[in-house]
Amino acid sequence: MAAMALDDEWAHLHEGAFVVKTKLTEVQPVAHDRDRERRLWEATAELLERAGASR
């Protein structure tokens with residue numbers, strides 16, 4: 001992970017690139033579904049809010 005953040009070799013990567021060890025790997029289209037990501041974020045925020053309220 002540090003190499004991806006610091007090495008020029010990985011500087012071209014953006015928007016959710018997926019790297020396994022030292023190899024750029026293709027992912028399924030669902031991994032880039034912005035609507036799904038938004039729904040997951042909203043659900044996570046709601047669950048965290050509920051968990052905080054139950055203390």
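The structure is a predicted model, in which local features require a pLDDT of at least 70 and side-chain atom pairs count only at pLDDT 80 or more, whereas totals for chains, interfaces and linings use all residues. Residues are numbered from 1 along each chain as its sequence is written, and side-chain values use heavy atoms, with hydrogens and water left out. The pLDDT, which is the predictor's confidence in each residue on a scale from 0 to 100, averages 84 over the chain, and 95% of the residues score at least 70.

The secondary structure consists of two helices and two strands, where helices (H or I, at least four residues) and strands (E, at least two) are DSSP runs numbered from the N terminus. Their order from the N terminus is α-β-β-α. The chain is more spread out than a compact globule, because its radius of gyration is 16 Å, well over the 10 Å that the globule rule gives for 55 residues. This radius is taken over C-alpha atoms, and the globule rule is 2.2 Å times the number of residues to the power 0.38. The C-alpha trace spans about 45 × 25 × 15 Å along its principal axes.

Of the 55 residues, 4% count as buried. The classes rest on relative accessible area: buried means under 20%, exposed over 50%, and partly exposed in between (1.4 Å probe, protein chains only). The accessible surface of the chain is about 5300 Å², and carbon and sulfur atoms account for 58% of this area. Accessible areas come from the Shrake-Rupley method with a 1.4 Å probe; for residues, only the protein chains shown count as cover.

The chain carries 8 positive and 11 negative charges, whose mean positions are 7 Å apart. In this count Lys and Arg are positive and Asp and Glu negative, while His and the chain ends are not counted. Each charge is placed at NZ of Lys, CZ of Arg, CG of Asp or CD of Glu. Five salt bridges are found, a salt bridge being a side-chain nitrogen of Lys or Arg within 4 Å of a carboxyl oxygen of Asp or Glu.

R34 and E37 form a salt bridge with an N to O distance of 3.4 Å. Both residues lie in helix α2 (residues 34–53), three residues apart, about one turn of the helix. R34 is exposed, at 54% relative accessible area, whereas E37 is partly exposed, at 29%. A further salt bridge joins R38 and E42 at 3.0 Å, N to O. These two residues are four residues apart in helix α2, again about one turn. R38 counts as partly exposed at 40% relative accessibility, and E42 counts as partly exposed at 43%. R38 and E42 also belong to a network of salt bridges that links them with D35 and R39. The side chains of E46 and R50 meet in a salt bridge of 2.3 Å, N to O. Because E46 and R50 are four residues apart in helix α2, about one helical turn separates them. R50 is exposed, with 52% relative accessibility, while E46 is partly exposed, with 41%.

The loop between α1 (2–6) and β1 (18–20) contains A17, which is partly exposed at 32% relative accessibility. H14 lies in the loop between α1 and β1 and is exposed, with a relative accessible area of 57%. The C-alpha atom of H14 is 12 Å from that of H32, which is 18 residues away along the chain.

In the loop between β1 and β2 (23–25) lies K21, which is exposed at 80% relative accessible area. K21 is not a glycine, yet has a positive phi of about 55 degrees. Most residues other than glycine have a negative phi.
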